[in-house]
Amino acid sequence: MRRPGPIALSSFLASLVLVAALPALSGCSSATRPVVIGSKKFTESVVLAEMGARLVRQAGVEARRDDLGGTPALWLALTQGDVDCYPDYTGTIARQILKTDSPNLAAELAGHGIRISRSLGFRDNYALGMRRDVAAAYGVARTSDLRDHPELRYGFTHEFLDRPDGWPGLKRAYDLTATNVQGMNHTLAYRGLVEKAIDVTEMYTTDGEIAQYDLLALPDDKDFFPSYEAVWLYRADLAERRPEAVDWLLRLEGRVSETQMQRMNAAVQVEKRDEATVAAEFLQAELGLDAPPPEEDSRAGRILVTTGEHLLLVVPSLLAAVLVGIPLGIVAARRPMTGRIVLAAVSLLQTIPSLALLLFMIPVMMWLIGRGTGAPPAIAALFLYSLLPIVRNTHAGLLGIPRSLVESAEALGLPPLAVLRWVELPLAAGTILAGVRTAAVINVGTATLGGFIGAGGYGRPILRGIDKFDVPLMLEGAIPAAILAMTIEAAFGLLARAAPRGG
Amino acid sequence: MFLLRDVEKSFDARPALGPLSLETPAGRTTVLIGPSGCGKSTLLRLLVGLIRPDAGAVLFDGEPVTPASARSARLRVGYVIQDGGLFPHLTARGNVTLMARYLGRDRALTARRVDELAELTRFPPEGLDRYPNQLSGGQRQRVGLMRALLLDPDALLLDEPLGALDPLVRAELQDELKGIFDALGKTVVLVTHDLGEAAFFADRIVLLRDGRIVQQGSPADLWRHPADPFVTRFVQAQRGPEPPS
């Protein structure tokens with residue numbers, strides 16, 4: 001004689017707790033932390049980071065690569081110690097990170113506990129690029145010629161639109177008055193340029209696409225862009241903890257020429273080759289690195305890893321949303337005034353674009369737990385995002401119970417909490433479960449955005465695939481995400497049927 | 001058993017009941033009757049503390065019914081509403097024994113009590129493990145009654161207990177209910193809008209209109225000494241069993 005509703009609900013909660021605990025347990029088992037080489041979300045950075053990881057492994061130290069999105073996230077991760085080393089460019093370091101004109105970057109960086117290598121051998125400068133035929137048609141040969149054509153359509157990455165050494169500074173330096181400026185993904189901007197959907201985009205001079213599409217890099221005739229020498233940034237404590245790793249990393253200094261980098265970028269972007277393989281081949285040819293042939297992760301293996309990472313985002317955030325959302329829904333149903341405020345607040349959360357909420361969580365989590373990148377901010381954002389369906393359905397489920405039933409329970413002499421537990425929650429269980437189900441599906445989909453802040457999961461192959469315009473890689477994230485969402489749907493469907501209601 | 005003193009109740013500033021005073025004698029059956037919206041259900045809910053009066057006092061067995069004391073009063077009062085008010089997620093047995101389980105009563109004793117009550121209310125034992133939606137209207141009403149009687153209360157409140165039943169089942173249940181009331185000798189307050197039913201059950205009838213008592217007394221009093229023209233109209237509007245002599 002037990003009530004099926006609460007049983008189903010509580011066993012569901014228990015299984016959530018279990019699933020949440022598993023990865024945490026297994027995560028504790030590795031005692032020594034591997035050296036983490038960070039990378040930004042574009043091919044060159046990934047290839048360099050891959051080289052870094054291979055060099056560190058050559059020193060006999062465990063290492064892994066971590067893709068973390070843009071400069072601010074990486075700098076944060078480096079100074080926090082989530083990342084030990086990552087490749088960056090002197091211009092970026094001076095203008096965007098340190099915001100300094102000092103020629104002595106090393107001294108400035110030392111103040112942050114960060115060291116800088118010598119140049120890896122090439123520059124990856126910014127330049128504005130156009131199709132040759134379009135540039136010829138407008139008579140544009142240099143950057144300053146753009147001033148006469150404010151009607152041109154510009155497409156830049158969001159980072160470039162923001163950076164002081166990007167569009168804002170460039171616009172001022174050249175007195176440009178263009179109004180048609182859009183933010184877009186770098187790879188998509190190239191495609192837009194080729195398809196004539198836009199006329200001008202920013203290019204990195206080592207981009208493989210420049211040669212591939214025979215594009216024109218406009219000379220920077222006012223010398224606005226600083227020089228962007230590729231360098232390693234690494235934590236000073238890495239040199240103390242793992243001097244041999246740093247030794248090996250620094251062997252790359254001066255070894256990568258601009259042509260070589262262009263060729264490697266093209267190999268990944270155009271020929272769709274694997275970054276790790278490209279990096280390994282270069283190290284073998286250039287440094288005679290007798291590295292083991294890159295162990296190509298099997299697709300199944302990669303999917304297993306991303307699935308694990310994805311669940312690590314979804315399960316704790318959903319669990320927290322259930323634990324907080326149901327009580328909030330109960331309070332909202334009990335007190336109409338509070339209820340209106342609670343419902344308005346969680347609805348408001350839902351109107352914040354998910355990516356914005358995710359990025360907003362970076363400083364919040366930094367302040368709360370001292371870790372601003374990776375899983376914690378993603379879990380926090382997903383938690384907030386999952387609240388609305390749970391709170392609203394709990395509220396609606398409780399208010400949907402006929403008044404006469406609640407009064408019958410009260411008239412029996414049950415105190416309010418017992419009425420809630422034995423009568424109201426079981427009767428609302430179906431509606432509440434439907435809310436949790438909606439939250440779970442939204443959560444699985446939204447968690448793919450975690451790729452933007454290095455939280456891993458299915459978002460990583462999707463974002464990397466977009467960046468490389470590699471459709472199979474995109475699908476490697478998109479299809480499992482869809483399957484996971486459908487699996488969760490089906491599981492909740494079974495759960496709902498396992499909780500039969502006499503009424 | 002129940003005593004109302006100068007009780008008033010409004011909903012959203014619209015007066016629903018009172019001011020009125022009323023006493024229901026112990027061990028007798030009092031029937032509240034009146035047209036729809038006359039406040040008879042509101043009065044019943046006041047008695048068991050489901051709602052609180054805006055003014056005046058409600059007493060049960062000499063003790064005021066307040067939010068603090070309502071629970072102990074409820075344990076001594078059974079409450080039955082139309083169609084039984086059963087919890088759809090619990091079986092008939094689950095409904096009947098919910099409060100006993102909450103109170104941690106001995107299971108074997110409770111099971112025996114359920115069997116007794118099933119016999120008293122002529123509820124088929126095999127129906128005890130069915131859910132409310134698998135029972136007939138009459139059976140649901142019997143389960144509602146069993147649930148109200150499980151803890152052997154001193155008083156029984158019934159709000160249109162037979163309102164949802166077809167005439168044949170209704171007549172049959174009226175007979176049984178009357179038999180049960182007589183056998184148990186409890187204080188009963190029953191709400192109905194059917195004068196024939198009221199006359200059948202009542203030791204005492206209370207006729208309400210617009211939240212006030214128009215007349216109270218024995219069933220015969222209403223026919224013989226109507227207090228005002230409304231009582232006459234109300235009595236004459238009802239068809240059915242012959243007026244009692």
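Ala, Val, Leu, Ile, Met, Phe, Trp, Tyr, Cys and Pro count here as nonpolar, Asp, Glu, Lys and Arg as charged, and the others, Gly among them, as polar. The model is predicted, so local features need pLDDT of at least 70 and side-chain atom pairs count only at pLDDT 80 or more, while totals for chains, interfaces and linings use all residues. Residues are numbered from 1 along each chain as its sequence is written, chains are lettered from A and ligands numbered from 1 in the order in which they are written, and side-chain values use heavy atoms, with hydrogens and water left out.

**View 1. The second largest cavity, lined by residues that include T43(A) and H186(A).** By class, the lining of the second largest cavity has three nonpolar, six polar and four charged residues.

**View 2. The largest cavity, where chain A and chain B both contribute to the lining.** The largest cavity, one of four cavities of 30 Å³ or more, has a volume (the space filled by probe spheres set on the grid points) of about 130 Å³. Among the 14 residues that line the largest cavity, L412(A), V77(B), G78(B), R147(B) and A148(B) are the closest to its centre. At least two lining residues come from each of α19 (403–412) of chain A, β6 (77–81) of chain B and α5 (137–149) of chain B. The lining of the largest cavity divides into 10 nonpolar, two polar and two charged residues.

**View 3. The second largest pocket, with G69(A) and G70(A) among the residues closest to its centre.** The second largest pocket (an open set of points with protein on both sides within 12 Å along at least five of seven lines) contains about 1100 Å³ of space. It is lined by 33 residues, of which G69(A), G70(A), H158(A), E159(A) and F452(A) lie closest to the centre. In chain A, α3 (71–80), α4 (90–98), α7 (158–162), α17 (354–369) and α21 (459–468) each supply at least two residues of the lining, and the largest share, four residues, comes from α21(A). The residues lining the second largest pocket comprise 16 nonpolar, nine polar and eight charged.

Note on methods:
On a 1 Å grid over the protein atoms alone, a cavity is a set of points where a 1.4 Å probe fits but cannot get out, and a pocket is an open set with protein on both sides within 12 Å along at least five of seven lines; lining residues have an atom within 4 Å of a point.
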